[in-house]
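Trainee: Could you take me slowly through one part of this model, looking closely at how its pieces sit against one another? I would like to follow each step with the structure in view.

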Amino acid sequence: MRAALLHRPGELEIVTRDRPTIEPTQALVRIRAGGICGSDVHAYRGASAFQNYPGIPGHEVAGEVVELGSAVTGLSLGDHVVLDPMLRCGHCYPCRLGRYNCCTSLKVMGVHTDGGFRDYLAVDAGQLVPISASVPFDTAVLVEPLCIGAQSVSRGRVSSEDSVLVLGAGTIGLAALLLARQEGARVASLDVVPEKLAVARSLGADLTIDPNNDNVEQALNEWTGGDGPSVVIEAVGSPRTTRAALDYVSPAGRVVIVGITTEEVPFPIPMLVRKEMDIIASRNSREQFRRVVPLVESGAIDPRPLVSHRLPLDEFQAALDLIRTEPHRTRKVLLTFD
Ligand SMILES: [Zn+2]
Ligand SMILES: [Zn+2]
C-alpha cells in the first residue's frame with residue numbers, strides 16, 4: 001500500500017509499505033478520502049510543536065471497514081467510517097469528567113502518532129465513527145473539522161437568541177457558521193479574503209465584513225441595533241483578531257477562542273470586568289461526532305462548499321504547494337485514494 005511519509009520538515013515522500021495487520025480490538029480501514037488540515041501544513045513547514053518525524057500525517061480521513069478484529073463489536077464489514085483521531089488515557093481528571101479532548105496525555109493521530117494518509121489504516125475500533133454510505137467519502141471526511149466548529153458553538157452556548165460574529169472564514173470559521181446557523185442564530189462572518197466571504201454568504205451568513213473595506217464596529221452596531229454580537233468566535237488564530245474579539249463582543253457576551261496563536265495576547269482587565277464577558281477556549285471533541293454525523297447524513301448541513309480542490313494522494317506534495325502559493329484560492333484541499 002501507499003503511505004505519505006514526512007521524513008522531516010519539507011521532506012515528504014509517498015512510500016510503499018506492507019498492508020498493516022490488525023489486533024483483535026482493531027479494524028482495518030481502506031482510506032478513501034483525506035482532508036489536508038492547517039496542522040498538516042504546519043508539520044510540513046516545521047512549524048508544529050508536536051509533530052512526530054518521521055511520521056505519516058493525516059487526521060481527517062474517511063474510509064470503509066475491510067477487516068475486523070475478533071473482539072470488535074458495533075462495526076460491520078463494509079461500514080463507512082470517519083476517524084476520531086484523538087487518543088486518550090481514560091483515567092486522568094478530564095477523562096473522568098468525559099472531557100477526553102482535554103486528556104492530560106492526549107495524542108492526536110497524524111500528529112503525535114502515525115495518521116491516516118495511506119491506503120490502509122489499522123486502528124482501534126473505538127476511534128471509528130460510522131456514517132451512512134449515502135454520504136460520499138469526500139463529504140464524510142469533513143465531519144472532523146465540522147466537529148471543531150460544532151464544539152465552538154456548544155462551548156459558546158449559542159442559541160436562536162444570539163447574534164454570532166465569526167472571525168475568519170477558513171474551514172473552522174465556516175464550520176462554526178454552519179453549526180451556529182443550525183442553532184437558529186444570526187451569523188456574521190469576517191475575513192480579509194473576498195472569495196472566502198462569498199462562500200460564507202452562500203452558506204447563510206447574514207452579514208459579511210471585510211475589515212479592509214468596511215468599518216467593523218459600525219457594521220456590527222448596525223447589525224445588532226447597537227448591542228454588539230452576543231457571541232464572538234475567534235477562528236483566525238492571530239493575536240490581533242483575538243484581542244479584537246474582546247472589543248467586538250457585547251457586554252455580558254461570550255468570546256470563544258478556537259483559533260490558535262502562539263503569541264501572547266494582552267488582557268484588558270478593566271474592560272473584561274466591565275463587560276463581565278465569558279472567555280471560553282474550545283477544541284475538537286469526540287462528543288460532537290455524534291451530533292454532526294446525523295446532520296450531514298440528513299443533509300441539514302451541506303459542507304461541500306468548504307472544499308476547493310481534490311488531488312490524488314500521489315500529488316500530496318503538489319497539494320501542499322498549492323496551499324502555500326494560492327492561499328486565497330484554496331479552501332479545504334482533499335486527497336483521494338483511488
Ligand atoms: Zn484538522
Ligand atoms: Zn486522560
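Mentor: Before we look at any contact, we need a cut-off: two residues are in contact if their C-beta atoms, placed from the backbone, lie within 7 Å. Please also keep in mind that this is a predicted model.

With that cut-off, Val143, Leu146, Cys147, Ala150 and Gln151 of helix 4 meet Gln288, Phe289, Arg291, Val292, Val293 and Val296 of helix 10. An α-helix has 3.6 residues a turn, so residues three or four places apart point the same way. Two packed helices are described by the angle between their axes and the distance between the axes. Here helix 4, which spans residues 143-155, and helix 10, which spans residues 286-298, pack at an angle of about 115°, and their axes are 9 Å apart. The crossing of helix 4 and helix 10 is right-handed.

Let us now step back to the domains. The domain assignment gives domain 1 as 2-142 + 303-336 and domain 2 as 146-281. Their C-alpha centres lie 28 Å apart, and seven residues of domain 1 are in contact with nine residues of domain 2. On the side of domain 1 that touches domain 2, four residues are nonpolar, one is polar and two are charged.

Next comes a sheet, which is open and has six strands in the order 12-11-10-13-14-15, with parallel pairing. Strand 12 (207-209) and strand 15 (278-281) stand at the edges with a single partner strand each, so one side of each is left without a neighbour in the sheet. From one strand to the next, the twist averages 20°. Strand 15 pairs with strand 14 in the parallel sense over four bridges, and Ala281 in strand 15 is the bridge partner of Ile257. Helix 7 packs on this sheet, where helix 7 touches strand 10, strand 11 (186-190) and strand 12, and the direction of helix 7 makes about 170° with that of strand 12.

Note on methods: Residues are numbered from 1 along each chain as its sequence is written. Chains are lettered from A and ligands numbered from 1 in the order in which they are written. This is a predicted model: local features need pLDDT of at least 70, side-chain atom pairs count only at pLDDT 80 or more; totals for chains, interfaces and linings use all residues. Axes are lines fitted to C-alpha atoms, for helices over the stretch in contact, and angles run from 0 to 180 degrees between N-to-C directions. Helices (H or I, at least four residues) and strands (E, at least two) are DSSP runs, numbered from the N terminus. A crossing is left-handed if the near helix is turned anticlockwise from the far one by less than a right angle, and right-handed if clockwise. Domain bounds come from an automatic or database domain assignment. Ala, Val, Leu, Ile, Met, Phe, Trp, Tyr, Cys and Pro count as nonpolar, Asp, Glu, Lys and Arg as charged, and the others, Gly among them, as polar. Two strands pair if DSSP finds at least two bridges between them.
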